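Morning, everyone. Please have a look at the chain on the screen, and then I will walk you through it piece by piece.

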Amino acid sequence: MQKVELLSPAGTLEKLKIALDFGADAVYGGVSHFSLRIRSGKEFSMEEFKEGIDYAHARGKKVYTTINGFPFNSQITLLKKHILAMAELKPDAFIVATPGVLKLCNDLAPQIPLHLSTQANVMNILDAKIFYDMGAVRIITAREISLKDLVAIKTELPDLELEIFVHGSMCFAYSGRCLISTLQSGRVPNRGSCANDCRFPYEIYAANPETGTLFRLEEDEGVGTYVMNAKDLNLASHMKEILNSNVVDSIKIEGRTKTAYYAGVTAKAYRMALNDYYEDKFDDSKYQYELQSLQNRGYTDAYLISRPFEKNDSQSIDFSIQLGTHQVSGVVTQEGTHFLCKYKTFRNDEMEIVAPLGSKIEFVDNEIGSTYEKDGKIYLKLKQLLAQNKKIWDEIHSGNVNPITLPTSMPAYTFLRIPSDANMGTNPKSN
């Protein structure tokens with residue numbers, strides 16, 4: 001059985017490295033031009049993106065470049081230059097969303113494999129075959145597709161690779177075909193600048209056109225006004241069903257604008273799920289423990305297992321976003337001997353260590369602090385907060401940029417976390 005690829009978001013060079021180090025086989029991202037995540041694309045220069053590709057290739061891993069925006073006629077000349085420039089970086093594939101861009105990429109850079117974006121909304125054999133005949137080697141299917149329909153497509157087109165989203169933000173509209181942000185703020189979702197208007201709270205009114213009467217609809221307590229706020233996708237508990245189908249070539253995590261912690265934890269959770277499946281020791285409680293630590297809008301298994309009309313739990317109407325079970329309190333620096341505070345830390349705080357999968361953490365007990373195992377997890381407790389500049393603190397907060405000494409070296413980008421209710425953990429911004 002060919003093992004399924006784990007594909008993670010790369011919103012910045014740092015997140016690219018973290019996703020790969022924490023278990024991803026491949027990452028996707030791009031510079032700001034013609035990508036559906038302009039904000040994350042601005043974090044990448046061409047030089048940094050090339051560095052990311054080299055970093056991945058040196059580890060036997062892949063990078064897919066997003067050119068999945070919907071261009072206007074006035075942009076076609078610029079688009080051609082962009083395709084040629086990105087091809088020079090030698091990514092492992094282009095992700096495109098329209099037939100015209102697909103053909104243009106084939107004409108200008110035939111050496112780069114083409115993956116069809118989920119924005120193309122492929123749901124059936126007919127559409128899949130059209131794009132396959134046009135040169136797409138992989139299709140990222142619509143998020144509304146069922147596992148049964150994936151089986152049908154693979155049966156008809158066995159050489160076509162199929163990629164599905166398994167985790168991350170869900171769009172209120174059909175596979176991202178939304179105009180709400182365009183109408184309200186002039187920011188066009190299908191050109192990469194969505195303002196997430198569906199996440200806002202709305203007041204609901206009713207109007208009588210005959211009398212001109214307008215009144216606000218009073219809602220029952222607890223119902224809320226987040227009427228278009230889709231929950232986040234989470235298919236970790238369904239990985240056995242997905243993999244048993246033997247038709248999915250790649251599982252994809254959404255989130256190029258999410259945090260570095262999100263990039264690491266999602267990659268680690270789904271890497272564990274894949275590894276455990278192949279070793280016949282699948283335990284979804286382990287993966288959900290990690291995924292529940294992230295900020296989320298509530299989780300749903302969406303439509304892969306159940307049809308949309310069978311679902312009544314895909315909208316989060318009570319809140320826009322909520323804290324996860326844990327708060328990120330620190331991240332280990334590149335050299336591995338210090339960490340930077342990301343929340344607030346006191347002496348003798350018990351912080352869980354979240355390191356890349358397979359990492360070895362040395363257990364020590366010295367004048368700086370101790371590392372130890374408890375209930376199958378590894379923790380750090382600091383006896384003193386000693387900065388790299390030798391200053392000693394009683395407590396540190398996220399505004400403190402001084403690296404704090406660790407009692408033993410840890411892998412770069414290892415995260416330190418505490419339960420969200422510890423230290424009055426109500427700040428929703430860090431993870």
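Before the strands, one term: two strands pair if DSSP finds at least two bridges between them. With that in hand, take β5, residues 114-116, and β6. They run parallel, and 3 bridges join them. His115 stands opposite Arg138 in β6.

Now a word on confidence. This is a predicted model. The average pLDDT over the chain is 88, and 86% of the residues score at least 70. Watch residues 423-431, though. There the pLDDT is below 50. In the model this stretch still has 31 contacts beyond near neighbours in sequence.

The overall count next. The chain has 11 helices and 23 strands. It has 431 residues, and 54% of them are buried. Take the contacts with a separation of 6 or more: 69% of them join residues 24 or more positions apart.

Back to β5 and β6, from the helix side. Both are among the elements that cover the buried residues of α5. The others include β3, α4, β4 and α6. Which residues of α5 are buried? In this helix, residues 99-108, they are Val101, Leu102, Leu104 and Cys105. Seen down the axis of α5, they fall within an arc of 165 degrees, so they line one face of the helix. The face turned away from that buried side carries Gly100 and Asp107, both exposed.

Let me zoom in on one residue in β3. Thr65 is located in that strand. Is Thr65 buried or exposed? Its relative accessible area is 0%, so Thr65 is buried. Setting aside neighbours within four places in sequence, its contacts are Gly29, Phe49, Met86, Pro91, Ala93, Phe94 and Ile95. Lys90 is 25 residues from Thr65 in sequence, and their C-alpha atoms are 9.6 Å apart.

On to helix pairs. Start with α1, residues 13-21, and α3, residues 46-58. Their axes come within 10 Å and cross at roughly 10 degrees. Angles under 35 degrees count as roughly parallel, and α1 and α3 are therefore roughly parallel to each other. From α1, Leu13, Leu16, Lys17, Leu20 and Asp21 take part in the contact. From α3, the partners are Glu48, Glu51, Gly52, Tyr55 and Ala56.

The second pair is α10 and α11. Their axes are 9 Å apart, at an angle of about 175 degrees. Over 145 degrees counts as roughly antiparallel, and these two helices are therefore roughly antiparallel to each other. On the α10 side, the residues in contact are Val265, Thr266, Ala269, Tyr270, Met272, Ala273 and Asp276. They meet Lys286, Tyr287, Glu290 and Leu291 in α11.

The loop between α10 and α11 holds Asp280. At 72% relative accessibility, Asp280 counts as exposed. Its C-alpha atom is 9.9 Å from that of Lys240, 40 residues away along the chain.

Last, the sheet. How many strands form it? There are 7, in the order β17-β18-β16-β23-β13-β14-β22. The sheet is open, and the pairing is antiparallel. Its edge strands are β17 (369-374) and β22 (404-405), each of which pairs on one side only. Helix α10, residues 260-278, packs on this sheet, touching β13, β16 and β23. The direction of α10 makes about 90 degrees with that of β23.

Key:
Residues are numbered from 1 along each chain as its sequence is written. This is a predicted model: local features need pLDDT of at least 70, side-chain atom pairs count only at pLDDT 80 or more; totals for chains, interfaces and linings use all residues. Side-chain values use heavy atoms; hydrogens and water are left out. Helices (H or I, at least four residues) and strands (E, at least two) are DSSP runs, numbered from the N terminus. Contact means heavy atoms within 4.5 Å. Axes are lines fitted to C-alpha atoms, for helices over the stretch in contact, and angles run from 0 to 180 degrees between N-to-C directions. pLDDT is the predictor's confidence in each residue, from 0 to 100. Angles under 35 degrees count as roughly parallel, over 145 as roughly antiparallel, 65 to 115 as roughly perpendicular and the rest as oblique. Buried means under 20% relative accessible area, exposed over 50%, partly exposed in between (1.4 Å probe, protein chains only). The arc is that of the directions from the helix axis to the C-beta atoms.
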